[in-house]
Amino acid sequence: MSIDTIDRITDDEPSPEVWGRYAEAVALWERITGTPAPEPTEQGPKGGRRLNAALSEWMMGYPLGFITDHMSRNDALRCAGNGVVTRQATAAYELLGSAQ
């Protein structure tokens, strides 16, 4: 699938105020995965902002709740951070398999 053939899945573009210079990349990943990006941060227990574990899950290409519904926030962040993006692993496996 080429970048030119991917259609937007939502009417709203990712907000440059929220995503900054990454807004275009976020929009592309939304189109590829078919899932809107979750908010990048959430309110922490002391009222400050902290990384939303659902964002890490989404960035890996997992369905929302795939890891965050089954473990603590810290464990979910660790698992997503140490994981392999499934789409990339599949492409690499297929490419290496076709080289034989």
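Me: Is Pro38 buried or exposed?

Reply: First, the ground rules: this is a predicted model, where local features need pLDDT of at least 70, side-chain atom pairs count only at pLDDT 80 or more, and totals for chains, interfaces and linings use all residues. Residues are numbered from 1 along each chain as its sequence is written, and side-chain values use heavy atoms, with hydrogens and water left out. Buried means under 20% relative accessible area, exposed over 50%, partly exposed in between (1.4 Å probe, protein chains only). Pro38 has a relative accessible area of 15%, so Pro38 is buried.

Me: Which residues does Pro38 touch?

Reply: Contact means heavy atoms within 4.5 Å. Not counting residues up to four places away in sequence, Pro38 touches Trp19, Asn52, Ala54, Leu55 and Trp58.

Me: Which residues of helix H4 are buried?

Reply: Helices (H or I, at least four residues) and strands (E, at least two) are DSSP runs, numbered from the N terminus. In H4, residues 73-82, the buried ones are Ala76, Leu77 and Ala80. They lie on the same side of H4 because they cover an arc of only 100° around the axis, taken from the directions from the helix axis to the C-beta atoms. Exposed Asn74 and Asn82 sit on the face turned away from that buried side. Strand S2 (49-51) and helix H3 (53-59) are among what covers the buried residues.

Me: What does Ala80 contact beyond its neighbours within four places in sequence?

Reply: Ala80 is in contact with Ser56, Glu57, Met60 and Ile67.
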